Amino acid sequence: MMKAIKIIAYVIFYIFLFTSCDKKNIEEIPYANFYPIDPDDSEELIIQKAAHVVPTPRQLRWQELELTGFFHFGINTYTGKEWGDGKEDPALFNPTDLDVEQWVLTAKKGGIRQVILTAKHHDGFCLWPTATTTHSVESSPWKEGNGDVVKEVAEACEKHDMGFGVYLSPWDMNAPMYGTEEYNDFFVAQLTELLTQYGKVDEVWFDGANGEGPNGKKQEYDFDRWYSLIRELQPEAVIAIMGPDVRWVGTETGYGKETEWSVIPVNNLSQDQIAESSQKDVNIKPTWDKSDEVLGGRESLQDAKGLVWYPAETDVSIRPGWFFHESQNNQVKSVEKLLDIYFHSVGKNGVLLLNIPPDKSGRIHSKDSLNLVEWKSQIDKIFSENIAKSGKIHSSDGTDASNLIDGAQQTFWTPKDKSSIAELVLEFTEPKLFNVLNLQEYIQRGQRVEEFVLEVEQEGNWNEIVNGTTIGYKRLLKFPEIEAKKVRLRILSSRLNPQLSEIGLYYDGN
């Protein structure tokens, strides 16, 4: 019966799609978070569909955060390990000066707008008093077993208007039932506690670690069940990395790809899954090749079963390790390094997830904190003045493009003739000095730009300064400083007409 309903839903979706969409009139194709690809679809229609894939409201909110933070804290903080083995004595966990409000305020001063806590890492030690196991803070001497780190972080986030997320490791080297179906029930119980006892959860973060448990077995994770539970209990939360909303960029260096598409092919869908997904959110994690430099390029779309909005998160730790180690106090990333990471993560159509590990006392170390605050100060200094706003902007087709320099992401410009190429010229009364370009697409109506170039007029000739491929939510490019009165942006290739939200020119004097 359910299969028949799914097939009917699939048919209805296609009737809607192909009766309401004249293939020759691209503006009649509706925007959607997911589009199925029919084997008979032409290359033109596939590109039209790709241009109309858009983020869900929760994905859009997440993308607009730009900077998120990770707090790796747990039993590993006290053993000096990165990965525990589940045999640690809970008595080791005993922070002497735990101050999660200091964590949250430190992150906020660094420009971070949402944080994720390692509620449970691979060692299975839980930072909240769970009913599922005694391997938790309840068995520790901290607060005589009456403490709850998850609760304290959640409350601090609410107090200081910070987004709150949880990391719950699917791999558990302490749980005796790991490697059996019973473990999926155990995991669901833990997830339910985290999603029902601590208020609003904005992000649930899973990684793909899947080693052996104490019985030598590996677990087959029931991700579909977990996704459904999250959608039921915290429908506004993004499910990240091993999840359907946000994907891993493919490296833990903090550096994204030169070409980063948020619209990617889905090839691991059955016909039933396509039918079901056409009626609601895609709750299936698409598979992709992390080594593929251009994920979502035209050549990868042709054989796809579907197209979905699946943006990239770029993660890195402020220290060499993810957990705090005293020996790494002199290896905290410099302000200059953090700035470079910002340009190559947020500035490459990603969201930066920066790990800031609390120390054994239960506080963020002063070296981490100082670098974070100075980093934020430098970012604010660079982007305090959009030089482009002091000029006049003209489009090649004569349309008003002034909203590209109005500082509002909710406005956009597109060519009046729906052309896939475009030119925009900024003209100043006096020469302006700059070395940073900021471009943004109006991603509420998709990601489209495939290639662009920035030029300046010198002695009557247009000379190229910098070029790029994808833009997406934000693209930042640095180049040697240059002074000019006229600047030209050319969109050389786009999936249908480009829809730009912002153009910015800035000067970085560092």
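This is a predicted model: local features need pLDDT of at least 70, side-chain atom pairs count only at pLDDT 80 or more; totals for chains, interfaces and linings use all residues.

Me: What is the phi of lysine 143?

Reply: The general idea comes first. Most residues other than glycine have a negative phi. Lysine 143 is not a glycine, yet its phi is positive, at about 55 degrees.

Me: Which other lysine has a positive phi, and where does it lie?

Reply: Lysine 418 has a positive phi of about 60 degrees, although it is not a glycine either. Its place is in the loop between strand E12 (392–395) and strand E13 (422–441).

Me: How much of the chain as a whole is buried?

Reply: Of the 510 residues in the chain, 59% are buried. The chain exposes about 20,300 Å², and carbon and sulfur atoms supply 49% of that area. Its secondary structure comprises twelve helices and 17 strands.

Me: Which residues of helix H2 are buried?

Reply: Helix H2 (residues 43–51) is mostly covered, with seven of its nine residues buried. These are Leu45, Ile46, Ile47, Gln48, Lys49, Ala50 and Ala51.

Me: On what does H2 pack, and how should I read the strands there?

Reply: Strands of a sheet pair through backbone hydrogen bonds, either parallel or antiparallel. Here an open sheet of three strands has the order E1-E9-E8, and the pairing is antiparallel. Strand E1 (34–36) and strand E8 (263–266) stand at the edges with a single partner strand each, so one side of each has no neighbour in the sheet. From one strand to the next, the twist averages 20 degrees. H2 packs on this sheet and touches E1, E8 and E9; the direction of H2 makes about 20 degrees with that of E9.

Me: How many bridges join E1 to E9?

Reply: Three bridges join E1 to strand E9 (residues 306–309), and the two run antiparallel. Tyrosine 35 stands opposite leucine 307 in E9.

Me: How should I read a salt bridge?

Reply: Side chains of opposite charge can pair when their charged atoms come close. The structure holds 24 salt bridges. One of them joins the side chains of aspartate 99 and arginine 363, at 3.1 Å from N to O.

Me: Which parts of the chain does the pair of aspartate 99 and arginine 363 tie together?

Reply: Aspartate 99 lies in the loop between helix H4 (76–79) and helix H5 (100–109), and arginine 363 in the loop between strand E11 (350–355) and helix H12 (366–382), so the pair ties together parts that are 264 residues apart in sequence. Aspartate 99 is partly exposed, with a relative accessible area of 25%. Arginine 363 is also partly exposed, at 28%.

Me: Are arginine 495 and glutamate 450 buried or exposed?

Reply: Their side chains meet in a salt bridge at 3.5 Å, N to O. Arginine 495 lies in the loop between strand E16 (475–494) and strand E17 (500–506), while glutamate 450 belongs to strand E14 (residues 449–458), so parts 45 residues apart in sequence are tied together. Arginine 495 has 0% relative accessibility and counts as buried. Glutamate 450 is buried, with a relative accessible area of 14%.

Technical notes:
Residues are numbered from 1 along each chain as its sequence is written. Side-chain values use heavy atoms; hydrogens and water are left out. Helices (H or I, at least four residues) and strands (E, at least two) are DSSP runs, numbered from the N terminus. Buried means under 20% relative accessible area, exposed over 50%, partly exposed in between (1.4 Å probe, protein chains only). Accessible areas come from the Shrake-Rupley method with a 1.4 Å probe; for residues, only the protein chains shown count as cover. A salt bridge is a side-chain nitrogen of Lys or Arg within 4 Å of a carboxyl oxygen of Asp or Glu. Two strands pair if DSSP finds at least two bridges between them. Axes are lines fitted to C-alpha atoms, for helices over the stretch in contact, and angles run from 0 to 180 degrees between N-to-C directions. Contact means heavy atoms within 4.5 Å.
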